[in-house]
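Okay, thanks for coming, everyone. Let me put this one up on the screen and talk you through a few spots.

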Amino acid sequence: MAVPFESDVAATVAALAALKPRLVFNITECLDGNAGSTTPSPACSTCMGLAYTGTGPAGLLLARDKALSKHIVASRGVAVPRYVVATGWATSATTGLPSH
């Protein structure tokens with residue numbers, strides 16, 4: 001049975017609690033049209049103690065922050081391309097780590 005994850009999280013929690021699923025297939029692509037809002041779905045499953053497919057909340061947040069992801073990978077000795085973080089229309093930017 002499909003349970004849509006919507007901004008009314010209480011309704012989603014109630015529906016999942018009633019179903020008592022052994023596994024949730026997380027196929028959330030967006031929340032209220034915002035593709036950057038995929039973290040609440042696995043976070044909800046985690047809080048409810050439900051097993052689910054896909055990346056957890058921390059992994060999804062990290063994947064959305066490309067500069068932080070590159071920094072972490074580079075800190076482990078993996079070569080990454082140089083990058084720039086643009087902060088709007090301002091001319092200042094942060095240059096990423098050089099590849100090793």
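This is a predicted model: local features need pLDDT of at least 70, side-chain atom pairs count only at pLDDT 80 or more; totals for chains, interfaces and linings use all residues.

Residues are numbered from 1 along each chain as its sequence is written, and side-chain values use heavy atoms, with hydrogens and water left out.

So, the helix pair. Helices here are DSSP runs of H or I with at least four residues, strands are E runs of at least two, and both are numbered from the N terminus. H3 covers residues 57–64 and H4 covers residues 66–75; they pack at an angle of about 100 degrees, with axes 5 Å apart. That makes H3 roughly perpendicular to H4; the cut-offs are under 35 degrees for roughly parallel, over 145 for roughly antiparallel, 65 to 115 for roughly perpendicular, and oblique for the rest. The axes are lines fitted to C-alpha atoms, for helices over the stretch in contact, and angles run from 0 to 180 degrees between N-to-C directions.

Who touches whom? On the H3 side we have Leu-62, Ala-63 and Arg-64, and they meet Lys-66, Leu-68, Ser-69 and Ile-72 of H4, where contact means heavy atoms within 4.5 Å. By type, the residues of that contact are four nonpolar, one polar and two charged. For the record, nonpolar is Ala, Val, Leu, Ile, Met, Phe, Trp, Tyr, Cys and Pro, charged is Asp, Glu, Lys and Arg, and the others, Gly among them, are polar.

Stay on H4. Ala-67, Ser-69 and Ala-74 are buried there, meaning under 20% relative accessible area; exposed is over 50%, and partly exposed is in between, with a 1.4 Å probe and protein chains only. Those three cover an arc of only 160 degrees around the axis, which puts them on the same side of H4; the arc is that of the directions from the helix axis to the C-beta atoms. What covers the buried residues of H4 includes H3 and strand E1, 84–86. Just after H4, Gly-77 takes a positive phi of about 90 degrees.
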